[in-house]
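Good morning, and thank you for coming.

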Amino acid sequence: MSAMERLQILHSGEVISGTAYEMSKQYIECIGQQLPVDWEGETAGMFATHLAVGLERMLKGEPLTELPPMVRSEAGQLKKEAELARNALSALDGAEKLTPSEEEILFLATYLAVLRHKKG
């Protein structure tokens with residue numbers, strides 16, 4: 001299932017708000033301009049789900065506060081991906097409403113690293 005199909009299901013099922021839905025689409029568009037990603041693949045669909053739910057958490061002021069130590073260790077080495085994740089969040093319409101934690105940034109960075117190396 002593609003990234004956009006996942007977002008549509010989450011939105012129509014009222015799992016995410018209209019704001020998180022629109023922000024997710026903008027984020028994917030921003031990332032797509034910087035990374036060659038196959039947004040039709042299953043990995044991209046999983047990323048879209050985690051992105052949208054993460055944006056919903058951030059909009060509610062409830063960002064991730066913990067990552068498993070192994071994930072944190074690996075993600076901490078992804079400087080370029082973390083910068084890309086942070087910049088893409090900052091570029092969103094309504095970014096001032098978000099409360100991204102370092103854990104949210106690292107989680108997104110981990111996915112971006114996977115998407116960078118995998119098409120589909």
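For a chain of 120 residues, a compact globule would have a radius of gyration near 14 Å, and the protein agrees with this because its value is 13 Å. That radius is taken over C-alpha atoms, and the globule rule is 2.2 Å times the number of residues to the power 0.38. The C-alpha atoms fill a box of roughly 35 × 30 × 25 Å along the principal axes.

Please note that this is a predicted model, in which local features need pLDDT of at least 70 and side-chain atom pairs count only at pLDDT 80 or more, while totals for chains, interfaces and linings use all residues. Residues are numbered from 1 along each chain as its sequence is written, and side-chain values use heavy atoms, with hydrogens and water left out.

What does the secondary structure come to? There are 6 helices and 0 strands, taken as DSSP runs numbered from the N terminus (helices: H or I, at least four residues; strands: E, at least two). Of the 120 residues, 46% are buried, meaning under 20% relative accessible area with a 1.4 Å probe, protein chains only.

Let us turn to helix H6. Helix H6 covers residues 102–117 and reaches 23 Å from its first C-alpha to its last, close to the expected 22 Å (1.5 Å times one less than its number of residues). Its buried residues include Ile-105, Leu-108 and Leu-112. Which helices do the buried residues of H6 pack against? They pack against H2, H3, H4 and H5, where contact means heavy atoms within 4.5 Å.

Terms used. Buried means under 20% relative accessible area, exposed over 50%, partly exposed in between (1.4 Å probe, protein chains only).
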